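These notes go with the model shown here. Please read them with the structure open and check each point against it.

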Amino acid sequence: MRLLIVDDHSAMRRMMGKVVSDMVSEIEECSDGAQALAAYSRFRPDWVLMDVEMDQMDGITATKEIINVFPNAKVLIVSKYGDEPLLEAAYKAGACAHVIKENLLTIRQVLATNYEP
């Protein structure tokens, strides 16, 4: 499984990568949504772990842009928030699921149950 991790904090990207390291064959990392668009086109990951709050382009906008170009893309929003407006925006943008950063181990469950090679 190929995984793209998008988060503006390098420590969080490393932590997410460690949580799923035994499940993936390749990981690429980006620090903002604008980079994620280019990385997705080039890398073609099976899943994207997408933070929401980032400087140049937020994760909701990046998710929407990725889904517009690649309708079968699988994006998992990984955020410190889980409020209703965020979830609604994430799903409207095309995200498959949402995980709160405090529960990073849940990422494993989402990837395992929704992965189709």
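1. A residue is called buried under 20% relative accessible area, exposed over 50% and partly exposed in between, using a 1.4 Å probe and protein chains only. Thr63 is buried, with a relative accessible area of 0%. The model is predicted, so local features need pLDDT of at least 70 and side-chain atom pairs count only at pLDDT 80 or more, while totals for chains, interfaces and linings use all residues. Residues are numbered from 1 along each chain as its sequence is written, and side-chain values use heavy atoms, with hydrogens and water left out.

2. Thr63 is found in helix 3. Helices (H or I, at least four residues) and strands (E, at least two) are DSSP runs, numbered from the N terminus. Contact means heavy atoms within 4.5 Å. Leaving aside neighbours within four places in sequence, Thr63 is in contact with Met50, Val75, Ile77, Ala93, Gly94 and Ala95.

3. Strand 4 is mostly covered, with five of its five residues buried.

4. What does strand 4 pair with in the parallel sense over four bridges? The partner is strand 5 (residues 97–100), and Leu76 stands opposite Ala97 there. Two strands count as paired if DSSP finds at least two bridges between them. Strand 3 (residues 47–50) also runs parallel to strand 4, and three bridges join them. In this pairing, Val48 has Val75 as its bridge partner.

5. From strand 3 the chain crosses through helix 3 to strand 4, a right-handed β-α-β crossover. Right-handed means that, with the strands pointing away from the viewer, the path from the first strand over the helix to the second runs clockwise. Strand 4, helix 4 (residues 84–93) and strand 5 also make a right-handed β-α-β unit.

6. A nonpolar core is a set of buried Ala, Val, Leu, Ile, Met, Phe, Trp, Tyr and Cys residues joined through side-chain atoms within 4.5 Å. The largest has 23 residues, and those that touch the most other members are Leu4, Val6, Tyr40, Val48, Met50, Ile60 and Ile77. Strand 1 (2–6), helix 2, strand 3, helix 3, strand 4 and helix 4 each give two or more residues to this core. Helix 3 gives the most, with four. A second, separate core of 19 residues includes Met1, Leu3, Met12 and Leu76.

7. Rings of Phe, Tyr and Trp (its six-membered ring) pair if their centres lie within 6.5 Å; planes under 30 degrees apart count as stacked, over 60 as edge-to-face and the rest as tilted. The count comes to one aromatic pair. Why is the pair of Tyr40 and Phe70 tilted? The ring planes of Tyr40 and Phe70 are at 45 degrees, so the pair is tilted, and the centres are 4.8 Å apart. Tyr40 is in helix 2 (residues 33–43) and Phe70 is in the loop between helix 3 (59–69) and strand 4 (75–79), 30 residues apart. Tyr40 is buried at 6% relative accessibility, and Phe70 is buried at 15%.

8. Arg13 lies in helix 1 (residues 10–19). Arg13 counts as buried, with a relative accessible area of 12%. Beyond neighbours within four places in sequence, Arg13 is in contact with Ile5, Asp7, Asp8, Glu29, Cys30 and Ser31.
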